[in-house]
Amino acid sequence: MLRPLALLTLLTLGDLARAQEAAATAPSLPSVISLHTQALGGTIKLAEITNVRFRGTIEQDGAKYPFTAWKRRPTQFRIEVETTAGKFVEANDGKRLWRQAPFLNDGKVSDLDFLSARLLRLESSFESPLLALRERAARITYLGVIKTPPPLPPYWGIQIDNTDGSRAQLFLDSRNYLLARMLWKENPDSSNELEILYGDYRSIQDMPVAHRIETRLEGKLVNVTTLDMVIMNPGAVMSLFSPPRPEDSQ
């Protein structure tokens with residue numbers, strides 16, 4: 001019969017061997033990014049999509065709010081959320097990040113605060129978070145194989161330190177190379193960590209789109225976004241993303 005110390009040694013050696021085997025078979029960082037791009041549909045197919053319209057619900061604090069959102073290359077974004085107090089709008093026209101709601105600033109258009117603007121810029125990126133963040137990265141670190149508790153698969157981990165000082169850690173499902181989880185901090189020393197979980201991927205024109213997105217802040221659930229409709233290339237004019245003129249808000 002093995003003594004506890006000998007058994008512990010064997011278990012440790014077994015874990016080490018499995019870790020070494022996983023490291024030996026792990027793809028390189030360029031390969032992971034390439035496989036992620038292919039999983040999304042490939043470079044050519046992705047380039048054919050210039051705008052998207054989404055419709056769904058945001059569940060927060062026990063209530064559900066219907067929303068419609070638009071994206072347009074390269075960084076235009078608009079979301080309209082129907083609340084009991086009226087329509088809440090946030091948008092990025094590529095230059096200005098703004099919001100408007102009847103219960104904010106007397107219904108007038110206002111600029112986003114610093115943190116909200118950073119998060120909206122991330123949301124506005126037309127590419128996947130990994131591909132978008134890679135373009136403005138100051139440093140990319142490959143974290144390799146990330147173990148997860150069963151029944152979750154292992155992840156491929158990538159850390160991106162951005163030129164604006166923020167840090168993102170992205171975790172791709174090792175089975176399909178789609179984004180499963182992202183951690184984001186305003187800066188590496190910040191205690192405010194945003195966590196986004198992506199799931200329920202469905203094929204839209206042969207391209208996978210996450211239909212369930214769960215957002216947590218400091219480990220606490222903020223909201224759950226569920227998509228009911230995704231339309232590729234429905235058409236989205238530039239004026240859709242621009243703030244209304246003062247006379248239009250009267």
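View 1. R118 is buried, with a relative accessible area of 12% (buried means under 20%, exposed over 50% and partly exposed in between, with a 1.4 Å probe and protein chains only). This is a predicted model, in which local features need pLDDT of at least 70, side-chain atom pairs count only at pLDDT 80 or more, and totals for chains, interfaces and linings use all residues. Residues are numbered from 1 along each chain as its sequence is written, and side-chain values use heavy atoms, leaving out hydrogens and water. The side chain of R118 meets that of D164 in a salt bridge, at 3.8 Å from N to O (a side-chain nitrogen of Lys or Arg within 4 Å of a carboxyl oxygen of Asp or Glu). R118 sits in helix 4 (residues 114–124) and D164 in the loop between strand 8 (155–162) and strand 9 (167–173), so the pair ties together parts that are 46 residues apart in sequence. Helices (H or I, at least four residues) and strands (E, at least two) are DSSP runs, numbered from the N terminus. D164 is partly exposed, at 38% relative accessibility.

**View 2. R96 meets D111.** Here the salt bridge spans 2.6 Å from N to O. Because R96 lies in the loop between strand 4 (86–92) and strand 5 (97–100), and D111 in strand 6 (residues 110–111), the pair ties together parts 15 residues apart in sequence. R96 is partly exposed, at 32%.

**View 3. D173 with R175.** The closest N and O atoms of this salt bridge are 2.7 Å apart. D173 is buried at 8% relative accessibility, whereas R175 is exposed at 60%.

**View 4. A network of salt bridges.** Look here for R78, E80 and K87, which are linked together. The count of salt bridges comes to 15.
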